[in-house]
Amino acid sequence: QVHLVESGGGSVQAGGSLSLSCAVTGNTNIVMGWFRQAPGKEREGITSIRPDGSILYASSIKGRFSIATDIAKNTVYLQMNSLKPEDTAMYYCAAEIISLGSYCSTAATAYNYWGQGTQVTVSD
């Protein structure tokens, strides 16, 4: 019911910035999230946003990343600044059809729809 396609990943040097995009089709009555997973590590939640604009950020991000939406373009963005080598990972957007009382979550188990991922590599 929801299709997600990430783009915008690439290779950057430490201190640089990238903006990731997630194009959404299908059911747009959804909660959106951004996640990342590095080799050998668990999938880590970054941020989440509801249609009403409510946003949740993981404390580990420390203000370097931000989420935004463009309703007209049906696109969710992840702006990443001051990138560090430890940010190197596959980045995924995720969606879950919203339900009564649902709220933002950075838990991967809260989402049933996932994009294919886009690789971000940060070098010294």
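**Buried residues, sheet and disulfide**

Trainee: Starting with Ser 21, buried or exposed?
Mentor: Ser 21 counts as buried, at 19% relative accessibility. Buried means under 20% relative accessible area, exposed over 50% and partly exposed in between, with a 1.4 Å probe and protein chains only.

Trainee: What kind of model is this?
Mentor: This is a predicted model, in which local features need pLDDT of at least 70 and side-chain atom pairs count only at pLDDT 80 or more, while totals for chains, interfaces and linings use all residues. Residues are numbered from 1 along each chain as its sequence is written, and side-chain values use heavy atoms, with hydrogens and water left out.

Trainee: Where does Ser 21 lie, and what is it in contact with?
Mentor: Ser 21 lies in strand E3. Strands (E, at least two residues) and helices (H or I, at least four) are DSSP runs, numbered from the N terminus. Leaving aside neighbours within four places in sequence, Ser 21 is in contact (heavy atoms within 4.5 Å) with Val 5, Glu 6, Ser 7, Trp 34, Thr 75, Val 76 and Tyr 77.

Trainee: Which sheet has E3 in its strand order?
Mentor: An open sheet of four strands, ordered E1-E3-E8-E7, with antiparallel pairing. Two strands pair if DSSP finds at least two bridges between them.

Trainee: Which strands stand at the edges?
Mentor: E1 and E7; each has a single partner strand, so one side of each is left without a neighbour in the sheet. From one strand to the next the twist averages 20 degrees; axes are lines fitted to C-alpha atoms, for helices over the stretch in contact, and angles run from 0 to 180 degrees between N-to-C directions.

Trainee: How many bridges between E1 and E3?
Mentor: Six, in the antiparallel sense. Leu 4 has Val 24 in E3 as its bridge partner.

Trainee: Changing topic: how many disulfides?
Mentor: A search of the whole structure finds one, where a disulfide is a pair of cysteine sulfur atoms within 2.5 Å. This disulfide joins Cys 22 to Cys 93, S to S 2.0 Å. Cys 22 is in strand E3 and Cys 93 in strand E9, so the pair ties together parts 71 residues apart in sequence. The torsion about the S-S bond is about 60 degrees, so the disulfide is right-handed. Cys 22 is buried at 0% relative accessibility, and Cys 93 is buried at 0% as well.

Trainee: How many residues in the largest nonpolar core?
Mentor: It has 28, and Leu 4, Met 32, Trp 34, Met 80 and Tyr 91 have the most contacts inside it. Such a core is a set of buried Ala, Val, Leu, Ile, Met, Phe, Trp, Tyr and Cys residues joined through side-chain atoms within 4.5 Å. A second, separate core has five residues, including Phe 35, Ala 94, Ile 98 and Tyr 111.

Trainee: And Arg 64, where is that, buried or exposed?
Mentor: Arg 64 lies in the loop between strand E6 (55-57) and E7, and is buried with a relative accessible area of 13%. The Arg 64 side chain makes a polar contact with the Asp 87 side chain at 2.7 Å. A polar contact is a pair of N or O atoms within 3.5 Å; within protein, one must be able to donate a hydrogen and the other to accept it, and residues adjacent in sequence count only if both atoms are side-chain atoms.
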